[in-house]
Amino acid sequence: GLEGDKTSIIKFEFNPKDGIDNPALSLAEDTDGEAVGEPRFYLLSKGSAETFGFCLHEELGCQGHVIRQVELGGLAQRRGLQDGDRLLQVNGHFVDHVDHHRVVQKIKASGNQVLLAVLDGDSYKAAKALGRDLSQLLPADIRPRLCHVKRDKSGFGFSVSGPEGIKGMFQLSVRQDGPAERAGVLPGSWLLELNGASVKSCSHSQLARKLKQSGSKVTLLVASGAVEEFYRLRGLQVTAALADTSWLPFKARELHMVKGPAGYGFLLKEDDYGSGAIGQFLWDVDAGLPAEQAGMKEGDRVLAVNGESIEGLDHQQTVLRIRAHEDQVTLLVIDPASDEFYRSMGLSPLLFLED
């Protein structure tokens, strides 16, 4: 989805029916009186009915990730994005300092929903000229937490309370040093999703039944009171695509290999990995060769080659990417158990890569 080395353009398809009605949502104060405006927040939901309506550029002589070619009457314009805006955040991740290709990858990996924070071009230039830290214009942490809790002999280590007779409002009390706390659940968190499904329409008894049916492990999307209020006051829906996954045991791994006299020591195989999706898998890892030394395991699925996603590429295209550098390669891979977790949640592992 990228064209050229210095100007990168990509279009995204979103469905405005799944978006939000209010055109622009802002947060920040100009605390020192300088002429720097406020960041604006947009939550957009992906669909195939129309294009997103803008391009994201990297331009010579122009700092930042630049919003360009805002289509007249398109979704981006209707929501309030403007030509020359600079993209500061993607799903709560500050990206002004991140390589342009990685920013594009973050948006593509976001799946059906993406939260963007932008700053108008003049304010961006003024802030840069003043030497401001642009990350300070944004809230410290607006991400909910995605936590995977395994039951011990005394249970999951949390209890649920909520206003009597009101559906969907569940606050968690967390036992000290219990499974929930060890999984990253903060005391007083609000429960938003259980095992990938919203609890907004659940009664207390329905939630209790769902927890019982979960067996020995549950995945919770939770938010602190401050984070929940941030989204609620702005009419934004919180989903797992926006989450901080630091506490999850499921991680992608980066393998850097330098080719030896006998090669890297692995084979690549194309195979189906569910719902008709085709992936590139690692097999026949030879003992003692660079692939095994780097930590490669048979059955790992390749997510990216040399920092570029291979989503949508076939076997031959992936092989060419691996061979692009003659003597070394860096692969981003994920093991089958972690891959299955993200697939069950309807999420891409690429969405949660930290920079």
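Across this predicted model, mean pLDDT comes out at 86, with 88% of the residues at 70 or more.

**A loop residue**

Leu 138 sits in the loop between helix 3 (121–129) and strand 9 (145–150). Is Leu 138 buried or exposed? Its relative accessibility is 8%, and since buried means under 20%, Leu 138 counts as buried. Leaving out neighbours within four places in sequence, Leu 138 is in contact with Pro 39, Phe 41, Leu 88, Gln 89, Phe 94 and Ala 117. Take Phe 94: that residue is 44 residues away from Leu 138 along the chain, yet their C-alpha atoms are separated by 8.7 Å.

**Salt bridges**

How many salt bridges does a search of the whole structure find? The search turns up eleven.

| Pair | N to O distance |
|---|---|
| Arg 232 and Glu 228 | 3.4 Å |
| Arg 253 and Asp 300 | 2.7 Å |
| Asp 339 and Arg 301 | 2.8 Å |

Start with Arg 232 and Glu 228, which form a salt bridge. Both belong to helix 6 (residues 225–233), and because they are four residues apart there, about one helical turn separates them. Arg 232 is partly exposed at 49% relative accessibility, and Glu 228 is partly exposed too, at 21%.

Next up is the salt bridge between Arg 253 and Asp 300. This one links distant parts of the chain, 47 residues apart: Arg 253 is in strand 15 (residues 253–258), and Asp 300 is in the loop between helix 7 (290–293) and strand 18 (301–305). Arg 253 is partly exposed, with 23% relative accessibility, whereas Asp 300 is buried at 1%.

Then there's the salt bridge between the side chains of Asp 339 and Arg 301. Again the pair links distant parts of the chain: Asp 339 is in helix 9 (residues 336–344) and Arg 301 in strand 18, 38 residues apart. Asp 339 and Arg 301 are both buried. Which residues does the network around this pair join? Through salt bridges that share partners, Arg 301, Asp 339, Glu 340 and Arg 343 form one network.

Note on methods
Residues are numbered from 1 along each chain as its sequence is written. This is a predicted model: local features need pLDDT of at least 70, side-chain atom pairs count only at pLDDT 80 or more; totals for chains, interfaces and linings use all residues. Side-chain values use heavy atoms; hydrogens and water are left out. pLDDT is the predictor's confidence in each residue, from 0 to 100. Helices (H or I, at least four residues) and strands (E, at least two) are DSSP runs, numbered from the N terminus. Buried means under 20% relative accessible area, exposed over 50%, partly exposed in between (1.4 Å probe, protein chains only). Contact means heavy atoms within 4.5 Å. A salt bridge is a side-chain nitrogen of Lys or Arg within 4 Å of a carboxyl oxygen of Asp or Glu.
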